[in-house]
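The stops below start at the ligand and end in a helix.

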Amino acid sequence: MILVDASSMVAEETLTAVGKNLAAVRAQIERAALAAGRNVNEIELVAVTKTVPLDRIAAAYQLGLRHFGENRVQEGMEKIAGSAALGLTGARWHLVGHLQTNKVKTAVAIFDIIHSIDSVHLAEAVSRRAVAAGRTVPVLLEVNVAGEASKFGFSPGELPAALEEISKMPALQLDGLMTVAPLARDPEEARPVFRRLRALRDELRQSYNLPYFRHLSMGMTDDYPVAIQEGATMVRLGRAIFGERG
Ligand SMILES: *Cc1c(COP(=O)(O)O)cnc(C)c1O
């Protein structure tokens with residue numbers, strides 16, 4: 001494989017544009033953490049790169065980002081291969097979108113963590129593939145907190161029974177919960193959703209002995225400061241970093 005120096009393919013203006021966005025995001029994260037009395041180091045910034053071209057991903061990497069998120073397996077495969085060819089080593093790739101069971105094998109082969117476990121059946125498939133691949137896969141359970149018909153995820157009421165089963169599956173590391181808040185004009189509308197996810201995590205952590213079950217993946221471009229105030233440990237940002245999607 002020919003390794004291309006990442007810096008040589010990033011235009012100055014791309015670096016400047018992404019850098020400016022990222023500086024604003026980092027300042028917002030710090031402000032929200034400070035307001036909530038939280039340590040900013042507890043908050044992982046996942047740059048969601050769906051539809052984002054490789055040169056902008058390389059720019060983000062050059063600016064220090066190491067966590068990248070994709071919502072589709074096929075597109076993720078192209079990005080992960082492309083970024084490896086650019087020599088962007090040490091990046092951690094997060095699958096944040098719905099995973100179909102026929103793509104589990106590929107997903108387990110290329111992603112470092114899966115945020116979107118939305119059924120016991122899917123968890124079983126991931127566990128089986130992870131065993132076959134000889135690895136442990138960190139996973140989050142996706143929760144449809146607001147009960148939207150358009151969204152994937154466990155309902156809060158389904159979680160205890162699901163966790164009971166999933167926690168027995170081999171080769172899965174249960175890292176916590178993930179949610180996508182309903183689309184709203186005012187980010188304050190997402191606050192009760194984030195608060196509920198946190199309460200669910202706390203309850204489940206009390207009831208089950210799961211050593212890694214601490215993460216809350218919540219907060220996107222329109223609502224991440226509120227999510228951080230409510231305890232997010234991973235925020236998934238696309239537009240805030242890369243601008244509007246084309
Ligand atoms: C696209 C996407 C994001 C990022 O969305 P922005 O609003 O651009 O920050 C986060 N999470 C998931 C699951 C996504 O599909």
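This is a predicted model: local features need pLDDT of at least 70, side-chain atom pairs count only at pLDDT 80 or more; totals for chains, interfaces and linings use all residues.

Residues are numbered from 1 along each chain as its sequence is written, and side-chain values use heavy atoms, without hydrogens or water.

Next select Lys 50, where a side-chain N or O atom lies 2.6 Å from a ligand oxygen. Then pick Arg 236: a side-chain N or O atom there is 2.9 Å from a ligand nitrogen. The protein buries 92% of the 390 Å² that the ligand exposes when taken alone (Shrake-Rupley method, 1.4 Å probe).

Now show the residues around the ligand (a heavy atom within 4 Å); among them are Val 48, Asn 71, Met 220 and Arg 245. This shell has four nonpolar, three polar and four charged residues, with Gly counted as polar.

Finally, move to helix H4 (residues 73–85), a DSSP run of H or I with at least four residues. Select Glu 75 and Lys 79, which form a salt bridge with their closest N and O atoms 2.6 Å apart. The rule is a side-chain nitrogen of Lys or Arg within 4 Å of a carboxyl oxygen of Asp or Glu, and the count comes to 11.

Terms used
A polar contact is a pair of N or O atoms within 3.5 Å; within protein, one must be able to donate a hydrogen and the other to accept it, and residues adjacent in sequence count only if both atoms are side-chain atoms. Helices (H or I, at least four residues) and strands (E, at least two) are DSSP runs, numbered from the N terminus.
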